[in-house]
Amino acid sequence: MDANVPGLSQVILHKLNMKDYGDYRAALEGKRPGAAFGIRSHKEMFQKMEDTFKFCTGCKKLPGSLSAPHSLRRCKRCQNVYYCSKECQREDWPQHKKFCKQLRLVAIDRLVEWLVFTGDIPFPTADWPRSVTEVGGWEDWFFMQGDLGPRLDAILTGRHMGILWANAGKPRPEEGELRESVKRVASEFLSRPLTLGLGLRLFGLDPRGRPLTVHLVGASHTETLGAQPTDLDELSHMFPAHQGLEVVMVGPEVVEGPVMRPPLRALGPRRKVYISCYKGLYHQFWEELVEKQEAARPDLVVGFHPGFHATQGLSEGWLPTLLLLRDYGIPSLFTVYNEQELKYSLQILAELEVRVLDCGVNPFSSLKPEQVQSCPNKPSVHCNAQYVRFQGAVDDLGPQQEEEEEEEKI
């Protein structure tokens with residue numbers, strides 16, 4: 001971040017009334033309440049959030065580096081990026097015009113996402129009338145939901161949507177834009193349970209036949225900050241009348257909350273998704289709980305954007321986890337943001353002699369575009385955009401290969 005815009009990370013901490021990264025970590029872990037950061041109103045909250053995006057997209061200068069800090073002006077089209085002068089805006093336009101329309105969507109979604117924390121999003125859903133094999137992606141999923149009009153209207157006319165645009169410091173978008181934004185933000189929230197369900201389907205695991213346990217490795221504040229026990233209930237709509245699903249979120253950056261509870265030792269209740277958390281590295285969790293039979297062995301392991309393609313992350317925590325998954329032959333599915341991350345991840349898995357089964361575009365990738373904060377004029381990315389599925393070592397035989405060999409012996 002600082003490489004593109006020097007000092008931006010410190011500006012973000014300053015706007016949150018934090019002295020350093022330690023304060024940020026303390027807030028995520030619940031050791032310092034939100035009130036301690038001096039945010040007294042909705043208007044101030046939205047203003048501080050917007051301030052973290054205030055720098056000249058042309059020359060990369062922050063407000064504090066300008067002779068007139070208030071000279072930054074926002075692009076009227078996208079309501080997202082800023083410029084310190086007409087000259088900077090003019091020079092940047094050939095590049096910015098490629099992304100201006102998309103950045104407008106990003107700016108709207110960034111604010112509408114607040115409605116996830118207020119509980120307005122996602123909207124209510126129901127049991128799937130089709131089998132999981134008949135639902136190929138978001139188009140099929142939205143078709144199954146029927147008329148979303150009343151559900152979207154309830155959000156658009158709700159109290160929190162009114163508070164949002166009364167304090168956001170930006171003009172309220174048209175109703176059509178807001179409807180599409182709510183759907184995109186909902187897709188990001190639902191992308192996690194639907195990707196978990198995709199992993200179950202691809203590995204031939206059906207929770208309607210028996211209870212299943214999923215371990216979510218590398219979990220952080222992204223999955224656990226403000227998490228509720230009902231966050232993955234779409235899995236129950238995906239697999240109606242299932243025998244019980246347990247999802248254990250494991251990672252050194254999980255935060256305190258309602259789902260910070262021990263994993264199950266026995267089978268959970270039918271037709272329910274039980275979420276629990278463990279704060280620590282996965283191989284530690286395995287040694288402390290799984291091997292002592294204080295937590296169930298997983299039927300599936302999933303990682304959302306694990307980032308093990310980064311050398312530092314691999315050496316510090318991911319290497320023991322990847323070797324454990326390989327050596328125990330655990331069905332695993334990890335997601336990444338883009339093809340470049342997928343390429344590097346596949347290289348590492350190949351070096352570790354992990355047997356990759358397949359990879360590709362996730363049909364339940366988030367529809368909500370994300371910008372690179374310090375360099376907005378780049379193609380947007382989407383959460384859980386690609387997946388890689390692997391199990392065991394390259395020398396291991398897969399289930400299909402084992403069946404073929406048995407047939408040859410006969």
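Okay, ground rules. Residues count from 1 along each chain as its sequence is written, and side-chain values use heavy atoms, with hydrogens and water left out. Since it's predicted, local features need pLDDT of at least 70 and side-chain atom pairs count only at pLDDT 80 or more, while totals for chains, interfaces and linings use all residues.

Let's start inside. The largest nonpolar core has 56 residues, and among those touching the most other members are F123, W141 and V182. By nonpolar core I mean buried Ala, Val, Leu, Ile, Met, Phe, Trp, Tyr and Cys joined through side-chain atoms within 4.5 Å; buried is under 20% relative accessible area, with a 1.4 Å probe and protein chains only. Helix α10, residues 175-202, gives the largest share, 9 residues. Helices are DSSP runs of H or I, at least four residues, and strands are E runs of at least two, numbered from the N terminus.

Now, how do α8 and α10 cross? Their axes, lines fitted to C-alpha atoms over the stretch in contact, come within 10 Å and cross at roughly 105°. So α8 is roughly perpendicular to α10, a label for angles of 65 to 115 degrees, on a scale from 0 to 180 between N-to-C directions.

Last, the sheet. It's open and mixed, with 7 strands ordered β5-β4-β3-β6-β7-β9-β8; strands pair if DSSP finds at least two bridges between them. β5 and β8 are at the edges with a single partner each, so one side of each has no neighbour in the sheet. Strands β7 and β9 pair antiparallel over 5 bridges, and S332 sits opposite F390 in β9.

Conventions. Buried < 20%, exposed > 50% of the residue type's maximum accessible area, 1.4 Å probe, protein only. Parallel < 35°, antiparallel > 145°, perpendicular 65-115°, else oblique.
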